[in-house]
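Student: Could we go through the salt bridges in this one together?
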Amino acid sequence: MSRTLPRVSFIVPVRNDAACLARCLASIGTLRYPRDLVETIVVDNGSRDGSPGVAATAGARVLEMPGGRVAGLRNRGARSAAGALLAFVDADHELDPGWLAAAVDSLAEPGAGAAGAAYSPPPAAGWVQRTYDALRERPAERRDAEWLASGNMAVWRAAFDAVGGFDAALETCEDVDFCRRLRLAGYAVVAEPRMRSVHHGDPRTLGSVFFGELWRGRDNLRVSLRAPRSWRSLASAVIPVLDLAALAATAIFLVAAPPGVAWLAGGAAAVPFALIGARALRMLRRGRQVRLADAVQAVLVAGAYDSGRAFAVILGAAYSRRRPEAGVP
């Protein structure tokens with residue numbers, strides 16, 4: 001890298017996740033990048049497990065923002081950051097040593113506003129985590145993307161300021177909304193596979209998958225209807241509503257339909273099963289080999305995912321249902 005390197009500010013929100021935070025900050029310390037061009041800011045959301053002390057010991061600057069949403073925590077960190085490049089990393093991530101160099105290289109492309117990559121599951125992942133990973137698109141080469149997850153994203157400060165940062169009114173899916181506003185403002189959002197990171201927070205059980213989507217689903221519906229819309233975003237909004245309507249119709253037909261038309265219950269019930277099957281098929285196509293066990297596991301994870309999104313239309317869940325160890329905000 002012969003060009004002038006930018007100063008980079010890492011912004012790490014945290015709540016009651018001291019062990020993961022220590023691993024995350026240690027990985028930032030291993031990045032192949034001049035140390036005098038890196039600052040780390042940890043924004044603590046009222047932790048009771050010593051997370052602020054872990055951050056201070058690692059040399060990070062600690063900001064306190066109890067009771068905030070993650071979008072607000074990231075905005076708070078960005079306001080106090082000195083870097084021309086903002087690197088948003090969640091506490092349960094572990095960065096590859098080449099992560100930052102790849103980010104800087106990607107963002108040197110004309111028009112690039114943000115760069116990131118799909119997460120990787122932990123090395124000792126269980127079958128739910130390995131199957132859940134197949135929900136992610138993982139391009140082999142750098143390319144433009146619709147959105148990037150903000151647990152692992154680098155953004156030019158100028159682009160961040162131009163769109164006003166993250167929407168602090170959103171509890172989840174703030175990254176989807178942020179990337180769309182970047183694209184509306186004329187910036188490219190770049191998927192860079194060399195920005196490798198391990199996400200230690202991937203759901204371990206089907207229940208975690210269900211409650212994660214129950215927590216995420218309502219804001220996903222709100223954000224999916226915002227501009228710029230695409231077939232993918234419209235499908236993300238329509239499928240949960242269609243699933244819920246089909247389940248409601250099934251119940252009604254079973255209880256109230258005359259005997260001659262009770263078969264309609266089966267027709268309605270087939271809709272969510274068909275959508276789950278289609279999602280599972282897409283997951284299997286991303287795998288290198290398909291065995292019967294892989295197919296069963298894909299259907300189970302897709303079912304937990306879709307049912308969580310569907311019930312989120314009428315229910316919703318707090319973040320603490322997804323990660324009880326984080327405590328109630």
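Predicted model: local features only at pLDDT ≥ 70, side-chain atom pairs only at ≥ 80, totals over all residues.

Student: How many salt bridges does a search of the whole structure find?

Tutor: The search finds 23, a salt bridge being a side-chain nitrogen of Lys or Arg within 4 Å of a carboxyl oxygen of Asp or Glu.

Student: What does Arg74 pair with?

Tutor: Arg74 forms a salt bridge with Asp90, with the closest N and O atoms 2.8 Å apart. Because Arg74 lies in helix α3 (residues 70–79) and Asp90 in the loop between β4 (85–89) and β5 (93–95), the pair ties together parts that are 16 residues apart in sequence. Helices (H or I, at least four residues) and strands (E, at least two) are DSSP runs, numbered from the N terminus.

Student: Is Arg74 buried or exposed?

Tutor: Arg74 counts as buried, at 2% relative accessibility; buried means under 20% relative accessible area, exposed over 50%, and partly exposed in between (1.4 Å probe, protein chains only).

Student: Switching topic, which residues are linked in a network of salt bridges?

Tutor: Asp105, Glu109, Arg142, Glu192 and Arg194 are linked in that way. Within this group, Asp105 and Arg142 have their closest N and O atoms 3.0 Å apart, and Asp105 is partly exposed at 27%, while Arg142 is partly exposed at 31%.

Conventions:
Residues numbered from 1 in each chain as written. Heavy atoms only, no water.
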